[in-house]
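Hello,

Please find the structure below, handed over for your own work.

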Amino acid sequence: MKALKKALDNLRPTFSKGGKLEKLHWVWDANETFLFTPGHATQRGAHIRDGIDLKRTMFMVILAMVPCLLFGMWNVGHQHFLALGEYTALGEGFWQKFGFGALKVLPIVVVSYAVGLGIEFVFCSINKHPIQEGFLVSGMLIPLVMPVDVPLWMVAVGTAFAVVIGKEVFGGTGMNVLNVALTARAFLFFAYPTMMSGDKVWVNTSTADGQAVVDGFSGATSLGLAATGNAGQVTSLMDSFWGFEAGSIGETSAFACLLGAALLLFTGIGSWRIMFSVFLGGLTMAGIFNLVGPGLGNEYMQIPVLHQLMLGSFMFGLVFMATDPVTAAQTDTGKWIYGFFIGLLAILIRVVNPAYPEGMMLAILFMNVMAPLIDHYVVQANIKRRMKRAALAA
Amino acid sequence: MSKTIRIRKGLDLRLKGEAEKVIVQADPPGVVDIKPTDFHGLTPKVLVKPGQEVKAGMPLFRDKYNERVLFASPVSGEVADVIRGEKRKVLAVRIIADKETKYQEFGPADPAKMDRGAIIERLLESGCWPFIRQRPFDVVADPAQEPRDIFISAFDTRPLAADLDLVVRNNGAELQAGLDVLAKLTKGRVHLGLSDRTAAREFLDAKNVQHDTFKGPHPAGNVGVQIHHTAPINKGEVVWTTGVQDVMVIGRLFLTGHFDATRTVAVTGSEARNPKYHRTLIGAPVKDLIGDVEPGVRVVSGDPLSGSNVGVDGHLGFYDTQLTLLPEGDEPKFFLTDGWLSPGLNKLSASHAYPSWLMPGKRYAPDTNQNGEERAFVMSGQYEAVFPFDIYPVHLLKAILVNDIEQMENLGLLEVAPEDFALCEFVCTSKIESQAIVREGLDVLKKETT
């Protein structure tokens, strides 16, 4: 440790004011503070401070995403081989599947981080701000909400758009209105719809080794099927719970999401209010559909409540996207309202609007925009309470 | 007895170095410093010159903008120096104390037979007035105003704080005399905030006051929390607050006719060699109480969350009843061994991202490292969990940061003091200095409204 510290001390002048690489000071600072929490002693106010900092907080969130990432890698391989008719049983060819998926997924992760962090470094160097940790999470979320066949340049463009327009123009980490990862996805979704939806992008069907795609293969996701009037063909409840289905890389397994949720709730980093209320909102809307579905003869509406919530990205969005503390409502009451409407709208859009097979992304982005308004009314109520009290006393 | 008010939000920090429940009589201090900086917003006008002889109770300086408010010497002796800092700001008036204290005679008096004006005059001339503080703004009270109520907290929940039950034991007469004085100052009530664990008869049997009982973690003992949960401050109202030991000084003034600024101070903290209670004087050198200290120790006059760093050669603050000795944390921490990615078995944290919450019995010795760099507000709900007010703390802080005066007032700034945000500052992931921000807001608001 001492040697490393010494090496850093020797290098520091190069990156400090007047040094050769002065312009890269904040990039240097980010790396140095990564290795060593600075020896800043408190100057004013509380003399002792909690051990927690943003680095550890963000790391916990990344840790929570690991189950989704690992399962996603395996599932990418699994879906690929399923399409080719090889290793069709779940237990077969684990390493082949995982290896295939890893080769597909890791480049997306690398591109997302490289582009995003690169832009952050540039912005912070220009603005002379320390580099904040926000993108560590966004950079992992972006690959997990991409279809496997998304071209890497598209990941780069989407990430660049999200970081610049979604975040930096507002002032960087902590200042953004919209969830960064979803901004990237929404941008690609509307800019390149053929590469972000439909039935060609979710499963990699490259036949490089001379195989052929099996007869009757459909690359559509369950929600894609349901939206086109084939609600009867959606994957079973258990398969969608475990995640054996086509979809974005990290979203398919509700189980993996729940593992992440467990860590977020255990550490108190994810808001239980938001998670619970999103679930409640989804439950309510799916329940309403269940009630009116038979009368309308709509098969999609009749998918059982729990099954409905296990499909698509509902669970992934619930655990990792809706709970983003920067873009969610900040007040406790606000969180209940915010979460409930995300759940409600996600199922509503998914089932009723034929243009969008999945509603989670749009529901969260919409409520991101609404969150400050919700908070405004919650805070306004507090102010009114105080005024009323004053009026009573006077 | 009235019903117990339950404070649910908050946090008791489990620190090493609690003072043993023994009171030691410290030697009379050879030199004392009275520091104008202990009184926020005060512009002092020094009334003495080096070489001048003073008696205990004689004024050293006064408030330039409220000339009736005098600040007195706690000892008799010779003024050694008026210590000044940048721009000739007065940092302290130093007095070399006589062996035998000579008191300025104010004569014993019975508050019951005096009118309000006479009592105030007596408090002012004896230097007891600055013990009385006011909300809003958390500054020394203005003798020209009349408070709606007066609040005193009879228990201290701050980390490692002095046990007031111990302090008050056998001092019931001076406490009661002080409370009788305060009762004459307001048409409203004198509230004495008790803990559900308060056992001292001196508190329980106190007369001329309203007893309010509270149960819950820190900051339940903060007078601001007690005000908020009994009779919150509305716009236009002023309440006064004071401490138990301050009331005792006032009581002694009326019983003996002397300004006797004796204090029982808890010496605490993981670096304190001999954590005990010491009976000493306001402004006494901390060295008298803590002995020799190794380098790398921070000496805080007050508690670890809101006290002031006075250094080894510093002096006890005017309002402080506690000294805390903490290890300095100015060494970088490698991320895997003791930094942000370490297991953190020795890290005190309210967050569940460190394992401290799984070890409820363990006591910690945190150093003064900030444990991370300052960031924008990212997490939400953290402050609310330790802030037992019907106030949105982050929204209030943001209103202060953007200097929106109307919004500050609307969001409840008038009800709080910086110390009420001490726990928020402690738990903050983004290391935002909320106490300083609140103080700034109060200054702005005070300037705008008075």
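In this predicted model, α12(A) makes the largest contribution to the lining of the second largest pocket, with three residues. At least two lining residues each come from α11 (254-267), α12 (272-296) and α15 (332-352) of chain A. The lining has 39 residues in total, and those nearest the pocket centre are A:G268, B:A350, B:G381, B:Q382 and B:A385. By type, the lining residues are 16 nonpolar, 15 polar and eight charged. The volume of this second largest pocket is about 860 Å³.

Next, the interface of the two chains. Chain B puts 77 residues into the contact and chain A puts in 59 residues. Between them an area of about 5,900 Å² is buried, with 55% of that area from carbon and sulfur atoms.

How many salt bridges does the rule find across the interface of chain B and chain A? There are eight. A:R386 and B:E415 form a salt bridge through their side chains, at 3.1 Å from N to O.

On the side of chain B that touches chain A, the elements giving two or more residues include the strands β18 (297-301), β19 (308-309) and β21 (333-334) and the helices α8 (393-401), α9 (405-410), α10 (422-427) and α11 (434-449) of chain B. Of these, α10(B) gives the most, four residues. The residues on this side of chain B divide into 33 nonpolar, 25 polar and 19 charged.

Regards

Terms used: Residues numbered from 1 in each chain as written. Chains lettered and ligands numbered in written order. Predicted model: local features only at pLDDT ≥ 70, side-chain atom pairs only at ≥ 80, totals over all residues. Heavy atoms only, no water. 1 Å grid on protein atoms, 1.4 Å probe; cavity = no way out; pocket = protein on both sides within 12 Å on 5 of 7 lines; lining within 4 Å. Points joined across faces, edges and corners; volume = space filled by probe spheres on them. Nonpolar A, V, L, I, M, F, W, Y, C, P; charged D, E, K, R; others polar. Contact = heavy atoms within 4.5 Å. Buried area = accessible area lost by both parts, 1.4 Å probe. Salt bridge = Lys/Arg side-chain N within 4 Å of Asp/Glu carboxyl O.
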